[in-house]
Amino acid sequence: MSVEDNLLLFMHIPKTGGTTLSTIIENQYDKNVVLTGNNSMGYKAIEKSNSLMGHFTFGIHRHFSKPCTYITMMRDPIELIISSYFYIKETEVHPDHIEVNNTSLDQFVNSNEYNLNNLQTRYFCGGKTPNLDQAKEILNTHFAVVGITEMFDDSLSLMKHHLKWKNIEYERINVNNNRPSKNDIPTNIISDIKQNNTMDLELYKYAKEKLINKLDAIK
């Protein structure tokens, strides 16, 4: 069975450019499922699809009898935290909107309420306690491509190569152009983000180097 016959599992880590990637995936396959809190499809029904997308963590493949192929996107953890804060502030339907709207970025970064610290590592660890070595092993053994948001087009090219995709033209979706850049954020807040996300920073660096090596190999 070729990789095109596998069930594609897009592990969508929030605020990594995944909404844009989801629309590209939907153009590649004729049977796509987006897993949401309102989705009542059973695993047997999903198994008949070509792709499954959603904010699920690693491990969902265990529910399926057919072969699965994981992909995901990672983002600079500093950018992810900043983006999350301003996204929640501007999105009135977000469950944390009212609280975050009255919270400073400094308070948000140092709060444990929003469950964002080392979020990307936790996704690779099945949503459990983050473990850097475990996350690296899972990344190496189960993921066909781990893209990098800051290298979106390169990541897309690699996915096209490995997954035999065709048309990958796209328009950016769900992009917040009103938030300040990382360079505008006070250095003490950046330092706190780094301190709170040491595993994500290391895993992001690891994934980025791996992506660059894979790109060099197909040139």
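**Helix H8 against helix H10**

I looked up the handedness of the crossing of H8 and H10 and found it left-handed. A crossing is left-handed if the near helix is turned anticlockwise from the far one by less than a right angle, and right-handed if clockwise. The contact draws on Asp154, Ser155, Leu158 and His162 of H8, and on Leu211, Lys214 and Leu215 of H10; contact means heavy atoms within 4.5 Å. I sorted the residues of this contact into three nonpolar, two polar and two charged. For that I counted Ala, Val, Leu, Ile, Met, Phe, Trp, Tyr, Cys and Pro as nonpolar, Asp, Glu, Lys and Arg as charged, and the others, Gly among them, as polar.

H8 covers residues 152-163 and H10 residues 198-217, and the two pack at an angle of about 55° with their axes 10 Å apart. Axes are lines fitted to C-alpha atoms, for helices over the stretch in contact, and angles run from 0 to 180 degrees between N-to-C directions. H8 and H10 are therefore oblique to each other. The classes I used are roughly parallel under 35 degrees, roughly antiparallel over 145, roughly perpendicular from 65 to 115, and oblique for the rest.

**Basis of the entries**

This is a predicted model, so I note that local features need pLDDT of at least 70 and side-chain atom pairs count only at pLDDT 80 or more, while totals for chains, interfaces and linings use all residues. Residues are numbered from 1 along each chain as its sequence is written, and side-chain values use heavy atoms, with hydrogens and water left out. Helices (H or I, at least four residues) and strands (E, at least two) are DSSP runs, numbered from the N terminus.

**Helix H7 against helix H10**

I then took H7, residues 132-142, whose axis comes within 10 Å of that of H10 and crosses it at roughly 25°. That makes H7 roughly parallel to H10. The crossing of H7 and H10 is right-handed. From H7, the residues Leu132, Ala135, Lys136, Leu139 and Asn140 meet Met199, Glu202, Leu203, Tyr206, Ala207 and Lys210 in H10. This contact of H7 with H10 divides into seven nonpolar, one polar and three charged residues.

**The sheet**

In what order do the strands of the open sheet lie? I read five strands in the order E2-E3-E1-E4-E5, with parallel pairing; two strands pair if DSSP finds at least two bridges between them. E2 and E5 (143-148) are at the edges, each with a single partner strand, so one side of each has no neighbour in the sheet. On average, neighbouring strands are turned by 20° against each other, direction ignored.

H7 packs on this sheet and touches E4 and E5, its direction making about 115° with that of E5. H10 also lies across E4 and E5, and runs at about 110° to E5.

**Strand E3**

I followed E3, residues 51-54: Ser51 and Met53 point one way, Leu52 and Gly54 the other, and all are buried. Buried means under 20% relative accessible area, exposed over 50%, and partly exposed in between (1.4 Å probe, protein chains only). E1, residues 7-11, runs parallel to E3 and is joined to it by four bridges. E2, residues 32-35, also pairs with E3 in the parallel sense over four bridges. Gly54 of E3 stands opposite Met11 and is the bridge partner of Leu35. Met53 stands opposite Val34.

**Asp76**

I found Asp76 in the loop between E4 (68-74) and H3 (77-90). Is Asp76 buried or exposed? Its relative accessible area is 10%, so Asp76 is buried. Leaving aside neighbours within four places in sequence, Asp76 is in contact with Glu150, Lys182 and Tyr204. I also checked Lys160, which is 84 residues from Asp76 in sequence and 23 Å from it in space, C-alpha to C-alpha.

**Positive phi**

Most residues other than glycine have a negative phi. I noted two residues with positive values.

- Asn118 has phi near 55° and is not a glycine. It lies in the loop between H5 (105-109) and H6 (119-124), and at 8% relative accessibility Asn118 counts as buried.
- Lys164 has a positive phi of about 60°, although it is not a glycine. Its place is in the loop between H8 and H9 (187-196), and with a relative accessible area of 48% Lys164 is partly exposed.
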